[in-house]
Amino acid sequence: MTVVQRTLLAATLLAAALTSSLTAQAAGSGYLGLNVAVSGEGLPWNPTLKSVRIAKVVPGSPAAKAGITDGDFIVAIEGKPVEGAKANDLKPYMEREIGQAVQLAIKKPSGEVKTLSVVAGPKPE
């Protein structure tokens with residue numbers, strides 16, 4: 001497997017893992033309403049992150065209500081920097097029950113960094 005193939009596989013697996021955390025559907029699990037595009041390198045099951053870009057925010061979702069928009073970057077989760085972190089180390093911070101908040105440092109396309117609190121809600125039917 002080439003370096004490019006491993007990187008693509010790692011990014012695909014990481015995006016799936018983080019997206020499942022961000023759009024949790026299990027009973028009692030919170031829903032944030034966003035999908036991410038992940039850039040990382042290293043082992044596919046736990047890559048070292050380069051960046052996490054917001055690919056899609058569901059209109060009316062907790063993420064949208066908090067001010068997150070498509071194209072933003074998550075630069076820190078609960079004060080933990082994304083760049084250089086292992087994916088599996090950050091995943092638990094994104095798993096919230098309904099009513100629990102997660103603090104995200106978001107870098108806007110303008111370069112402005114904002115810390116936003118996203119309160120997990122129930123997944124819409």
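How many salt bridges does a search of the whole structure find? I ran that search over the whole structure and it returned 3 salt bridges, a salt bridge being a side-chain nitrogen of Lys or Arg within 4 Å of a carboxyl oxygen of Asp or Glu.

Ground rules, noted before going further. The model is predicted, so I keep to local features with pLDDT of at least 70 and to side-chain atom pairs at pLDDT 80 or more, while totals for chains, interfaces and linings use all residues. Residues are numbered from 1 along each chain as its sequence is written, and side-chain values use heavy atoms, with hydrogens and water left out.

Entry on Glu-41 and Lys-50. I looked up this pair and found their side chains in a salt bridge with an N to O distance of 3.5 Å. For accessibility I take buried as under 20% relative accessible area, exposed as over 50% and partly exposed as in between, with a 1.4 Å probe and protein chains only. Glu-41, at 42%, is therefore partly exposed, and Lys-50, at 44%, is partly exposed as well.

Entry on Lys-108 and Asp-72. Here the side chains meet in a salt bridge of 2.8 Å, N to O. The two residues are 36 apart and link distant parts of the chain, with Lys-108 in the loop between β5 and β6 (113-119) and Asp-72 in the loop between α2 (62-66) and β3; helices (H or I, at least four residues) and strands (E, at least two) are DSSP runs, numbered from the N terminus. Lys-108 counts as buried because its relative accessibility is 13%, and Asp-72 is buried with a relative accessible area of 0%.

Entry on Glu-78 and Arg-96. I found a salt bridge between these side chains too, at 3.1 Å from N to O. This pair again connects distant parts of the chain, 18 residues apart, with Glu-78 in the loop between β3 and β4 and Arg-96 in the loop between α3 and β5.

Entry on strand β3. Which strands pair with β3? By my criterion two strands pair if DSSP finds at least two bridges between them. Strand β2 (residues 48-57) pairs with β3 (residues 73-77) in the antiparallel sense over 2 bridges, and Val-52 stands opposite Ile-74 there. β5 is joined to β3 by 4 bridges, also antiparallel, with Lys-107 as the bridge partner of Phe-73. Strand β4 (residues 80-81) runs antiparallel to β3 with 2 bridges, and Ala-76 stands opposite Pro-81. The hairpin of β3 and β4 has 2 residues between the strands, and in that hairpin Glu-78 takes a positive phi near 50°.
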